Amino acid sequence: MNERIKDLMLFAIFGTIYVLLEICWRGYSHWTMWFVGGLCGYFAAVQNSKTEWNVPLVQQVLRVDLFVLACEFVFGFILNIVLKLNVWDYSDMPYNIMGQVCLPFAIIWLPLCAIAIVLDDYIEYWFLGGEKPHYKIL
């Protein structure tokens, strides 16, 4: 499969999954979240494809979680503070930074990052002839 088609497919899959999760979690989403979710999922897939199987999954999850938090802060700053779209506001959450990121959601992203990595591995395995996934957790 053409690498660009695969990349677009992963971006679309992860963006769609994120919007659906957000709708299930809070009852609605914003169209911009498709792009943010797609970008974060795509990063999870790219870093995953460049990581050897002997690298602990926990290390990958933390790497992706930090990327997600950085994206959430940057996009939140642009969407919520600069453009005043009010897509989300974590101001009432503990340990927040400018209402754009917070510790509770940083923790919530951890299992979602792990799921994104594992899902990427299985998409690669089932549809693209990749190696069967196996993990070193710690």
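Being four residues apart in helix α4, F105 and W109 are separated by about one helical turn; helices here are DSSP runs of H or I of at least four residues, numbered from the N terminus. The model is predicted, so local features need pLDDT of at least 70 and side-chain atom pairs count only at pLDDT 80 or more, while totals for chains, interfaces and linings use all residues. Residues are numbered from 1 along each chain as its sequence is written, and side-chain values use heavy atoms, with hydrogens and water left out.

Both F105 and W109 are buried (under 20% relative accessible area, with exposed over 50% and partly exposed in between; 1.4 Å probe, protein chains only). A search of the whole structure finds 13 aromatic pairs, that is, rings of Phe, Tyr and Trp (its six-membered ring) with centres within 6.5 Å, called stacked for planes under 30 degrees apart, edge-to-face over 60 and tilted for the rest. The rings of F11 and W34 form an edge-to-face pair, because their planes lie at 70°, with the centres 5.4 Å apart. This pair links distant parts of the chain, as F11 belongs to helix α1 and W34 to helix α2, 23 residues apart. W34 has 28% relative accessibility and therefore counts as partly exposed. F105 and W109 make a tilted pair, 6.1 Å centre to centre with 45° between the planes. Ring pairs also join Y18, W25, W88, Y90, F105 and W109 into a cluster.

Turning to helix α1, its buried residues are K6, L10, F11, F14, G15, Y18, V19 and E22. These buried residues pack against α2 (32–49) and α4 (103–128), where contact means heavy atoms within 4.5 Å. After α1 comes G27, with a positive phi near 90°.

The largest pocket holds about 620 Å³ of space. A pocket is an open set of points on a 1 Å grid over the protein atoms alone, where a 1.4 Å probe fits, with protein on both sides within 12 Å along at least five of seven lines; lining residues have an atom within 4 Å of a point. Of its 26 lining residues, Y18, L21, V68, W109 and L112 lie nearest the centre of the largest pocket. Helices α1, α2, α3 (57–82) and α4 each supply at least two lining residues, and α4 gives the largest share, eight residues.

Methods: Points joined across faces, edges and corners; volume = space filled by probe spheres on them.
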